[in-house]
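Please look over the chain below before reading on.

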Amino acid sequence: MLGGRSLPWQLPLLLAALSCVPAPSSSQLLYSVPEDREPGSSVGDLAKDLGLEVRSLAARNLRLVSEGGQRHFQVDLAAGVLLLASRLDREALCGQSPTCSLHLQLVMENPLQLHRVEVDVLDVNDNAPQFPKPEVVLEITEVANPGTRLPLEVAEDPDMGSNSISTYELSPSEHFTLSINVRGDGVKMPEMVLEKALDREKVAVHHLTLTALDGGNPVKSGTAKVTIHVLDANDNPPVCDPPVSKVHLEENVPVGTLVTKLNVTDLDEGPNGDVEYSFKTSNNAPGKFTKLFSLDPRTGEIRTKAPLDYEESSAYEIAVRARDKGSPAMEGHCHLRVELIDINDNSPEIMLTSLSSPVQEDATPGTVIALIGVKDSDSGDNGQVRLQIAKELPFKLVSSFKEHFSLVTNGPLDREKASGYNITVRAVDSGSPQRATQKTFYLRIADVNDNAPNFSSPFDTAHVQENSFPGTSVFSVSASDPDEGSNAKLSYSILDNGMQDVPISTYFRIDQDNGTIYTMRALDYEQDKVFQVPVEVKDAGSPVLSSTAVVHVFVLDENDNAPTIVYPSVPKGSAFHQTIPVLAEPGYLVTKIVAVDADSGHNAWLSYQLQETAEVLPFQVERRSGEIRVAQALRESEDPHRLVVEVRDNGTPSLSASVQAQPNTDWRFSQTQRPGTSGSQNGEEGGAWPNNQFDTEMLQAMILASANEAADGNSTLGGGTGTMGLSARYGPQFTLQHVPDYRQNVYIPGSTATLTNAAGKRDAKNSGSSGGNKKKSGKKEKK
């Protein structure tokens with residue numbers, strides 16, 4: 001090596017060149033270096049050992065030639081020393097050789113010299129002892145005698161000399177010790193020696209650690225695990241642990257449930273420790289449990305094979321035999337007590353021992369309705385039962401004694417609100433989870449006549465046409481009774497309250513079953529316009545209950561009266577003579593025909609007209625007022641004229657009356673006197689008739705208002721003669737005698753008196769004997 005470069009290829013060429021020159025001088029240098037030195041470490045001082053100047057080394061081209069081409073060293077020409085080029089591994093370079101030397105050659109020129117260098121690589125304790133296998137497994141019978149030897153593996157250490165294996169050590173053991181023998185080659189052989197008898201049932205496997213130590217400084221070591229298996233002998237019987245055990249099992253476990261697995265041990269192994277199980281029975285204990293439990297002969301598992309029932313048996317005693325397969329066989333015994341845990345698997349039972357149905361709706365609180373029994377086959381809390389019913393029911397449960405209850409009324413009953421009750425009794429036990437049973441029975445409530453019949457309205461209004469045939473249906477009253485049976489069987493009747501001269505029953509009758517009111521005779525509107533018909537309804541209960549209502553029957557007018565001419569008053573078959581001035585001009589009032597009609601409304605609306613004749617008359621009659629006026633100028637030589645005035649009402653069919661008037665020129669009267677009806681003073685042809693129907697409707701409204709007031713207790717039915725039952729609050733200005741009547745108050749020309757029509761006279765005549773409960777009105781004076 002020169003200048004840090006290696007020239008291994010130059011050596012053969014150099015030797016060939018030197019073969020022609022004399023042999024160069026040579027010497028040998030010896031160095032030593034530990035194998036653990038770092039690269040760059042100094043191995044030896046070449047310049048010094050060769051006796052050369054350092055500066056001459058480069059001039060003489062000093063170079064290093066390694067044998068085998070290994071480059072473990074290099075020359076530092078500047079310092080003249082031999083350096084370590086790479087880390088050395090003595091074990092890799094020399095193996096197990098006791099010595100390890102590396103040979104080098106130094107070549108210098110001018111003059112050519114060869115120097116041999118030998119470097120001795122010194123061993124360093126850089127390897128720990130190592131066993132061929134990390135674990136050694138040994139076997140020994142449990143009946144082996146003390147002193148038995150077990151050879152162990154020898155460890156290896158690549159280091160040499162004192163750094164190699166020095167000794168062995170064994171972990172502490174009460175049964176084994178370590179013995180070291182030295183072979184002829186000096187190798188130390190470790191052995192284990194049995195010091196104390198073994199018992200596999202106590203310790204079946206022994207785990208030890210063998211350690212190999214070298215002699216280096218510091219000491220290095222290697223370990224191997226030593227596992228010693230103790231071989232079994234059949235010297236132990238099967239043992240049940242514990243010999244007597246207890247298991248708690250819920251009664252409702254599924255079939256096949258594991259009850260327990262017997263904890264049986266046989267300290268032996270193999271066939272000596274292979275145990276078989278079987279049930280043990282005897283004549284005294286025939287083993288009913290064998291029908292309910294199964295035993296696995298190999299595993300010792302006991303399982304259920306049929307349903308268990310706590311209520312049938314709460315516990316079972318089970319005997320089991322455990323036998324090994326050794327020779328001779330040995331056996332042990334296990335005793336198991338299976339205690340069942342009661343599960344809430346039975347629902348409560350409800351027994352309805354007595355039921356009083358129906359019960360009267362007026363039963364007093366505390367009346368016993370039913371007797372109820374309850375039971376539960378479970379035990380403890382699972383068998384504790386309580387009864388419940390809905391809180392909203394008018395009943396409650398009273399505990400009579402254990403598991404017996406009474407159902408009693410707890411409030412008033414009302415059949416009309418509830419004709420019966422579906423009573424659900426619910427029994428709940430105290431188990432977890434709870435189990436419940438319910439039973440529903442129907443309790444019928446018997447009716448008591450505690451409700452009076454009730455009309456849909458205390459006052460009703462009906463209308464009937466006058467002159468209707470007797471037996472005509474007028475109205476049907478309707479009442480209801482929330483009771484049932486005979487307590488709700490209703491009958492209707494008309495009351496005669498004595499407020500009229502003729503009993504009301506002479507005018508009307510009522511069907512007692514359906515409440516339909518019929519007329520007893522034909523009614524006359526002109527005589528009676530309205531009737532009060534008191535109706536009573538009764539039930540058939542005991543006691544009888546009743547209520548009343550009033551039906552106001554309004555008689556509807558029929559056009560059954562023809563107009564009556566009240567002025568001029570002409571005997572039948574005669575004519576009325578009237579004189580007028582000769583010079584009377586058109587429009588001159590000759591006279592006025594006054595007629596009345598006993599009917600009302602449209603039936604009493606009258607119209608006047610002249611009967612047609614072949615003669616053309618110089619007169620005309622005003623249709624509404626009945627005034628006869630001159631239509632065209634008269635001639636003095638003109639003969640008297642015969643006029644026939646026909647009066648016709650507005651009914652259907654229309655009725656009429658007529659009168660003959662013969663005007664002449666002898667009669668005079670003041671132009672300020674204007675004949676006509678009290679309701680018509682203007683005589684306009686186009687005038688509208690009064691709406692008399694409105695007056696009638698207002699009358700009905702007032703009657704009903706007064707009737708409602710009477711129902712409220714503020715008035716009495718029938719306010720007095722001529723009031724139609726109206727109270728003083730509405731009279732006298734609203735009584736029947738003030739109802740507008742176009743038959744009254746007729747003004748007679750040339751007179752200061754008022755006429756009373758024939759109907760009015762009839763009303764006055766019959767006022768004391770009228771069969772209705774309303775009085776006819778008198779005549780009003782014309783103002």
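The text below describes a predicted model, starting with the chain as a whole.

**The chain as a whole**

The chain has 783 residues, and 43% of them are buried. Its secondary structure consists of six helices and 52 strands. If contacts with a separation of 6 or more are taken, 68% of them are between residues 24 or more positions apart. The accessible surface of the chain is about 40,300 Å². Carbon and sulfur atoms account for 49% of that surface.

Strand 25 runs parallel to strand 31, which covers residues 436–446, and two bridges join them. Within this part of the sheet, Q360 stands opposite A446 of strand 31.

**A residue in a loop**

Where does N487 lie in the chain? The residue is in the loop between strand 35 (479–480) and strand 36 (490–494). Is N487 buried or exposed? The relative accessible area of N487 is 11%, and a residue under 20% counts as buried, so N487 is buried. Leaving aside neighbours within four places in sequence, N487 is in contact with several residues, including D447, V448 and N449. D481 is also in contact with N487, as are D539, G541 and S542.

**The disulfides**

How many disulfides does a search of the whole structure find? The search finds two disulfides, and the table lists them.

| Disulfide | Distance between sulfur atoms |
|---|---|
| C94 and C100 | 1.7 Å |
| C240 and C334 | 2.2 Å |

Counting the bonded cysteines along the chain, the pattern is 1-2, 3-4.

The link of C94 and C100 has 65 degrees about the S-S bond and is right-handed. In this pair, C100 is buried, with a relative accessible area of 1%.

For C240 and C334, the torsion about the S-S bond is about 125 degrees, so this disulfide is right-handed. The pair links distant parts of the chain, with C240 in strand 15 (residues 239–240) and C334 in strand 23 (residues 331–341), 94 residues apart. Both C240 and C334 are buried.

**Confidence in the model**

The last topic is the confidence given by the predictor. The mean pLDDT of the chain is 79, and 79% of the residues score at least 70. Which elements have the lowest and the highest mean pLDDT? Helix 1, at residues 10–18, has the lowest, at 31, and strand 38, at residues 516–519, has the highest, at 96. The pLDDT is below 50 over residues 1–23, and this stretch has 20 contacts in the model beyond near neighbours in sequence. Residues 665–697 also have a pLDDT under 50, and the model has 61 contacts for them beyond four places in sequence. Where pLDDT is low, predicted coordinates should not be read in detail.

Technical notes:
Residues are numbered from 1 along each chain as its sequence is written. This is a predicted model: local features need pLDDT of at least 70, side-chain atom pairs count only at pLDDT 80 or more; totals for chains, interfaces and linings use all residues. Side-chain values use heavy atoms; hydrogens and water are left out. Helices (H or I, at least four residues) and strands (E, at least two) are DSSP runs, numbered from the N terminus. Buried means under 20% relative accessible area, exposed over 50%, partly exposed in between (1.4 Å probe, protein chains only). Contact means heavy atoms within 4.5 Å. Accessible areas come from the Shrake-Rupley method with a 1.4 Å probe; for residues, only the protein chains shown count as cover. Two strands pair if DSSP finds at least two bridges between them. A disulfide is a pair of cysteine sulfur atoms within 2.5 Å. pLDDT is the predictor's confidence in each residue, from 0 to 100.
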